[in-house]
Amino acid sequence: MNKIITLVALLFGLTVSAQNDNCNCCTSQHEAFDFWIGDWEVTNPQGVKVGENEIIKTQANCLLIENWVSSNGQSTGMSQNFYNRQTKQWEQLWIDNQGGNLKLKGNRVGNQMILRTDDATNQDGKTFFHRVTWTANDDGSVRQLWETIVENSTSTVVFDGLYRKKQN
């Protein structure tokens with residue numbers, strides 16, 4: 001009887017181990033953006049609700065999907081976010097109903113996920129890029145700050161939102 005119990009325990013242990021080994025996206029790098037997962041109400045710095053955002057993890061922990069709706073319902077968008085093992089970076093592709101899109105890449109530094117676009121040239125011939133920083137706050141909220149940075153010095157805030165989990 002003890003041999004059967006030992007065999008069952010061994011087989012169960014191997015099955016659990018094999019399941020964990022088959023999870024290609026169950027690494028600390030793939031979990032670095034998990035603080036953003038949730039069903040959120042988003043407010044501006046003045047505390048006014050600007051929208052709602054739902055972030056889910058799917059595809060066997062390999063993909064974060066964002067679904068944004070502004071508070072007036074006129075602006076919507078979504079993003080796909082994933083950790084690219086080849087480049088060792090997080091990448092985001094954002095597309096909205098206004099025809100806008102952003103391709104961002106970067107990594108987590110401390111309690112912040114910092115992603116940015118490649119450099120581009122504006123209509124004045126100046127180099128610029130977009131940088132979006134998500135900060136995991138101690139109270140469970142998340143701040144998202146989107147900046148446009150020109151000539152690596154002048155910064156303009158495009159969006160500043162505080163995410164708080166919706167109350168059920």
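## Strand pairing

Strands S2 and S3 run antiparallel and are joined by eight bridges, where two strands are taken to pair if DSSP finds at least two bridges between them, and where helices (H or I, at least four residues) and strands (E, at least two) are DSSP runs numbered from the N terminus. This is a predicted model, in which local features need pLDDT of at least 70 and side-chain atom pairs count only at pLDDT 80 or more, while totals for chains, interfaces and linings use all residues. Residues are numbered from 1 along each chain as its sequence is written, and side-chain values use heavy atoms, with hydrogens and water left out.

## Disulfide pattern

A disulfide is a pair of cysteine sulfur atoms within 2.5 Å, and by this rule the count comes to two. With bonded cysteines counted along the chain, the disulfides follow the pattern 1-3, 2-4.

## The link of Cys 23 and Cys 26

The sulfur atoms of Cys 23 and Cys 26 lie 1.8 Å apart, and the two residues form a disulfide. The torsion about their S-S bond is about 65 degrees, so this disulfide is right-handed.

For accessibility, buried means under 20% relative accessible area, exposed means over 50%, and partly exposed lies in between (1.4 Å probe, protein chains only). Cys 23 is buried, its relative accessible area being 18%, whereas Cys 26 counts as partly exposed at 39% relative accessibility.

## The link of Cys 25 and Cys 62

A disulfide also joins Cys 25 to Cys 62, with an S to S distance of 1.9 Å, and with 95 degrees about the S-S bond this link is right-handed. Cys 25 lies in the loop between helix H1 (2–21) and strand S1 (38–43), and Cys 62 in the loop between strand S2 (49–58) and strand S3 (63–70), so the pair ties together parts that are 37 residues apart in sequence.

Cys 25 counts as buried, with 7% relative accessibility, while Cys 62 is partly exposed, with a relative accessible area of 26%.
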